[in-house]
Structure formats: structure tokens, C-alpha cells
Amino acid sequence: IYVDHMDYVYIAGNGGGNHQVLKLTSDGTFVWQIGKAGVTGGSNDTNGGPGGRPLLGQPADMEVDPKTNELYIADGYQNKRVLVVDAHTGLYKRHWGAYGNVPDDTPPGAYNPNAPVATQFRNPVHCVRIADDGLVYVCDRVNNRYQVFRHDGTFVREAFLERDTLGNGAMWDIDLSPDRLQRELYNADGENNKLWVF
């Protein structure tokens, strides 16, 4: 669940066949829906859902950029992408995978800390955060990393955490410090049961 700068409420469903994000007013009035229960179109779908909006693959997280009124979705437990839609209409704007690549839904196999760095996100793409400077931070949970992008999907950098972590991975959720320069990034590591500060 997420509440944006205009008090709209967004609810994502990432269980089994949910595949949806719902937008509601603060009093619970339905505004629009992205995705459809029980239906997914893969990581490169752009308009296969109700109202010509994208189909989703178990979205994990979302955040609105108040400067552009765009909704960023970590799409997520089944798909392997960051999806950006217009927050007013829910219509598709753009999407990308790891390193800004076109997402590939080919199963990557089990995570191996000794293998070359994965060029695609693994499931789940678990969080998305927008910094005050416009950079977009994305949790690639099982790959034990976060990646940073410009708002258009251009890759900027990445950081790894506890690369030997197996299971559910180390990069669960992140947030930025509230100081003017947002100098610190906090990570909730659910596999190792720690809070990390970058």
C-alpha cells in the first residue's frame, strides 16, 4: 500500500494470481486498475490489460514521482522489470530491466554468488524508491543488489550487499534518509535479519 502526494491510495496484489495495482481516493472510491487477476502478459507487456493499461506479474512495490506524476512499479514477483505509468490515467509510459536492458523472462536458474553478475533482475524485483534528485533505486532482492537509474531507465550504478546470501536474498526494501541531501540509504535485509545503512 502506498499513498502519494495528492492523497491517492495505491494497493498492489502480489500473491498467486493477483497481478494488479488499484488506485483509490482516500475515502476508498475506486479510480482505476492496472493489470487483471489471474492474467499476466510477461515483462514486456505495455497495454494488454483493462482500459489498455499494462498487464502485471505480481507487483511488489510502487511510488509516485511528484515532479512528473508518474507511478513507478516494481513488477516484481513474476515479471522482472520497473514499469512506469501515468499516475493520472494508469497508461503505459516506459519500462526496463536490470542495467536498463529489455527484460527477459527466461528463467535464470538459481542464484550462485560465484557466477558472473546477472544481467537481468531475478524475482522478485522487490522495491522502487525515487530520490529527491530524481534517481530511481530498485531492489533486486535475490541478486543481493540495488541498482540506480535515471528516470528514463538509464543505468547509473549498483551496490551489492552480502553477496553470499542465498534463500530470499539480502536486498528487501530500501528508503532514503530525510536530510536535505539524502546522504544515507537504509536497507531492510529480511534473510539476514539486519538493517543496513549505506
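Predicted model: local features only at pLDDT ≥ 70, side-chain atom pairs only at ≥ 80, totals over all residues.

Visitor: How are strands defined, and what holds a sheet together?

Guide: Strands of a sheet pair through backbone hydrogen bonds, either parallel or antiparallel. Strands here are DSSP runs (E, at least two residues), numbered from the N terminus, and two strands pair if DSSP finds at least two bridges between them.

Visitor: What is the strand order in the open sheet of four strands?

Guide: The order is β5-β6-β7-β8, and the pairing is antiparallel. At the edges lie β5 (59-65) and β8 (92-96), each of which pairs on one side only. On average, neighbouring strands of this sheet are turned by 20° against each other, direction ignored; such angles are taken between axes, which are lines fitted to C-alpha atoms, and run from 0 to 180 degrees between N-to-C directions.

Visitor: How many bridges join β7 to β8?

Guide: Four bridges connect strand β7 (residues 81-86) with β8. In one of these strands, β8, histidine 95 is the bridge partner of leucine 83.

Visitor: How should I read a salt bridge?

Guide: The rule asks for a side-chain nitrogen of Lys or Arg within 4 Å of a carboxyl oxygen of Asp or Glu. By this rule, the model has eight salt bridges. One of them joins arginine 94 to glutamate 70, with the closest N and O atoms 2.7 Å apart. This pair links distant parts of the chain, for arginine 94 lies in strand β8 and glutamate 70 in strand β6 (residues 70-75), 24 residues apart.

Visitor: Is arginine 94 buried or exposed, and what is the relative accessible area of glutamate 70?

Guide: Buried means under 20% relative accessible area, exposed over 50%, and partly exposed in between (1.4 Å probe, protein chains only). Arginine 94 has 16% relative accessibility, so it counts as buried. Glutamate 70 has a relative accessible area of 6% and is therefore buried.

Visitor: Which residues are linked in a network of salt bridges?

Guide: The network consists of Asp61, Glu63, Arg129 and Asp173. Within it, arginine 129 and aspartate 173 form a salt bridge whose closest N and O atoms are 3.0 Å apart. Arginine 129 is in strand β9 (residues 125-130) and aspartate 173 in strand β13 (residues 173-176), 44 residues apart. Arginine 129 is buried at 13%, whereas aspartate 173 is partly exposed at 32%.

Visitor: How many of the five residues of β11 are buried?

Guide: Five of the five are buried, so β11 is largely enclosed by the rest of the structure. Arg145, Gln147 and Phe149 point one way from the strand, and Tyr146 and Val148 the other way. Arginine 145 has a relative accessible area of 0%, and its side chain meets that of glutamate 158 in a salt bridge (3.5 Å, N to O).

Visitor: Which strands pair with β11?

Guide: Strand β10 (residues 136-140) pairs with β11 in the antiparallel sense over five bridges, and β12 likewise pairs with β11 antiparallel over five bridges. Valine 136 has phenylalanine 149 as its bridge partner in β11, and tyrosine 146 stands opposite alanine 159 in β12. The hairpin of β10 and β11 has four residues between the strands, and asparagine 144 takes a positive phi near 55° there. The hairpin of β11 and β12 has five residues between its strands, with glycine 153 in the turn at a positive phi of about 95°.

Visitor: What is a nonpolar core, and which residues of the largest one touch the most other members?

Guide: A nonpolar core is a set of buried Ala, Val, Leu, Ile, Met, Phe, Trp, Tyr and Cys residues joined through side-chain atoms within 4.5 Å. The largest has 14 residues, of which Tyr137, Tyr146, Met171, Ile174 and Leu185 touch the most other members. To this core β10, β11 and β13 each supply at least two residues.

Notes: Residues numbered from 1 in each chain as written. Heavy atoms only, no water.
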